Amino acid sequence: MGSPVNKRILLGVTGGIAAYKSADLVRRLRDAGAEVRVIMTSSATEFITPLTLQAVSGHPVYRHLLDTDAEAGMGHIELARWADAVLVAPASANFLARLAQGRADDLLSTVCLATEAPVAVAPAMNQQMWNNPATQSNLAAIKKNAVRIFGPAEGSQACGEVGPGRMLEPVELVTLTSELFATGELDGLTVLVTAGPTWEAIDPVRGLTNRSSGKMGYAVAEAAAEAGAKVILISGPTALADPARVRTIRVTSAQEMHDAVHRHAAEANIFIGVAAVADYRPARTAERKIKKTEARLTLELERTPDILASVAALRPAPFTVGFAAETENLEQHARAKLENKKLDLVAANRVGADLGFASDDNSLLLVEREGVTELPVQPKTKLARALIRHVAARYRAKNSAPVHALRRP
Ligand code: PMT
């Protein structure tokens with residue numbers, strides 16, 4: 001079962017009496033943890049006002065394809081990229097016909113064409129219109145294009161007739177939308193992930209750390225949980241809430257992270273080291289706050305344990321994925337880490353003032369012995385899912401057995 005927590009759902013509302021339920025649907029999706037933005041067709045605005053959907057979604061409603069203000073903000077391509085899923089509810093017979101034809105003559109149909117995210121429709125119409133062969137052949141066409149059809153339900157209709165064509169209730173649509181995010185690629189496996197920075201104490205109030213926010217590592221942990229894995233996240237100090245469905249263990253220093261990882265490494269099928277672990281720590285931690293009595297102060301530093309290399313050296317070792325944060329020569333440095341630390345894969349990202357650390361977006365170069373794969377700039381949540389898909393496929397290939405048979409003893 002997938003979860004809509006932290007997912008970005010673009011809700012398309014088309015013209016039909018069931019549009020009055022869209023406000024409740026937005027509220028329920030948000031209560032379930034999703035971020036929701038709404039696109040309305042012009043006929044939808046005859047049934048429910050954009051102001052209502054703006055109030056319940058907390059964002060302006062998008063309505064026009066050729067709107068210079070909207071395009072300067074979040075244009076149709078950004079909206080298409082932003083979405084983790086597009087749900088059209090209610091979807092009118094007219095909209096289904098336009099989707100079947102691949103039309104791009106309004107904002108909603110254009111976004112449906114431009115997105116890589118899964119698209120689902122919740123049809124709502126009179127039962128004669130639903131049963132009409134034209135509607136049924138449009139449905140067959142959009143199903144062939146991998147659009148999911150949610151419903152419709154049967155029952156009494158606003159027009160007084162009885163039959164199929166009622167939009168599913170918002171609570172049912174939330175459940176079906178959540179299932180869009182369940183992939184099953186890591187069913188039965190345990191994934192151990194590190195995230196965030198570490199803090200190496202100099203004295204009781206000062207320390208060495210870095211700008212890692214934990215966003216990338218938490219997104220990887222969530223994507224692994226979404227793919228069906230049991231996930232253990234060992235996190236350095238971050239301001240983020242524990243991800244849903246993930247066992248989160250909080251640590252402070254590189255040594256604590258190392259020890260926590262090794263308490264769980266034996267049960268892990270896959271280890272992914274996303275944490276920005278300090279390479280050095282003060283050789284001594286002062287027991288009291290250091291006073292500024294001298295003009296210069298020299299700190300002696302010593303190496304921290306290399307968590308990633310120590311996991312890759314275990315026998316049996318889990319499938320081990322390292323991250324590499326580099327300012328230049330991305331592939332070359334990543335390949336050196338791959339070989340020196342005997343890893344299965346290195347996910348390299350370019351870091352700099354506005355790149356990699358703390359940002360919401362990132363890109364990765366996946367470096368393996370067989371070659372490289374580029375994952376372009378996108379929200380870390382999406383990037384993490386693409387990484388997990390890649391890792392799951394490589395894990396299966398390496399172990400060349402059906403995924404269900406791959407539990408470690
Ligand atoms: O947390 P965010 O703000 O979202 O930022 C994400 C990120 C930029 C921190 C992340 O994408 C990233 O690049 N993480 C690795 C950062 C890093 O420390 O890179 P590195 O090249 O120094 O280390 C290489 C690998 O060795 C990493 O997998 C690291 O976890 C691991 N390592 C490093 C030192 C050490 N003592 N033990 C380790 O296990």
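Two strands count as paired if DSSP finds at least two bridges between them; strands (E, at least two residues) and helices (H or I, at least four) are DSSP runs, numbered from the N terminus. The views show a predicted model, in which local features need pLDDT of at least 70, side-chain atom pairs count only at pLDDT 80 or more, and totals for chains, interfaces and linings use all residues. Residues are numbered from 1 along each chain as its sequence is written, and side-chain values use heavy atoms, with hydrogens and water left out.

**View A. Strands S17 and S18 run antiparallel.** Three bridges join S17 (residues 345–350) to S18 (residues 361–368). Val346 has Val367 of S18 as its bridge partner.

**View B. An open sheet of eight strands has mixed pairing.** The strand order is S12-S11-S8-S13-S16-S17-S18-S19. S12 (247–250) and S19 (371–379) stand at the edges with a single partner strand each, so one side of each has no neighbour in the sheet. From one strand to the next, the twist averages 15 degrees.

**View C. Helices H11 and H14 against the eight-stranded sheet.** Contact means heavy atoms within 4.5 Å. Axes are lines fitted to C-alpha atoms, for helices over the stretch in contact, and angles run from 0 to 180 degrees between N-to-C directions. H11 (residues 254–264) packs on the sheet and touches S8 (190–195), S11 (230–235), S12 and S13 (270–273); the direction of H11 makes about 165 degrees with that of S11. H14 (residues 380–399) lies across S13, S16 (319–326), S17, S18 and S19, at about 155 degrees to S19.

**View D. Five strands form an open sheet with parallel pairing.** The order is S2-S1-S3-S4-S5, and the edge strands S2 (35–40) and S5 (148–149) each pair on one side only. Two bridges join S4 (residues 119–123) to S5, where Ile149 is the bridge partner of Val121. Helix H5 (residues 93–101) lies across S3 (85–91) and S4, running at about 140 degrees to S3.

View E. Buried means under 20% relative accessible area, exposed over 50%, and partly exposed in between (1.4 Å probe, protein chains only). Not counting residues up to four places away in sequence, Thr177 touches Ile9, Leu29, Leu87 and Phe150.

**View F. Leu301 is partly exposed, with a relative accessible area of 41%.** Leu301 is found in strand S15 (residues 301–303).
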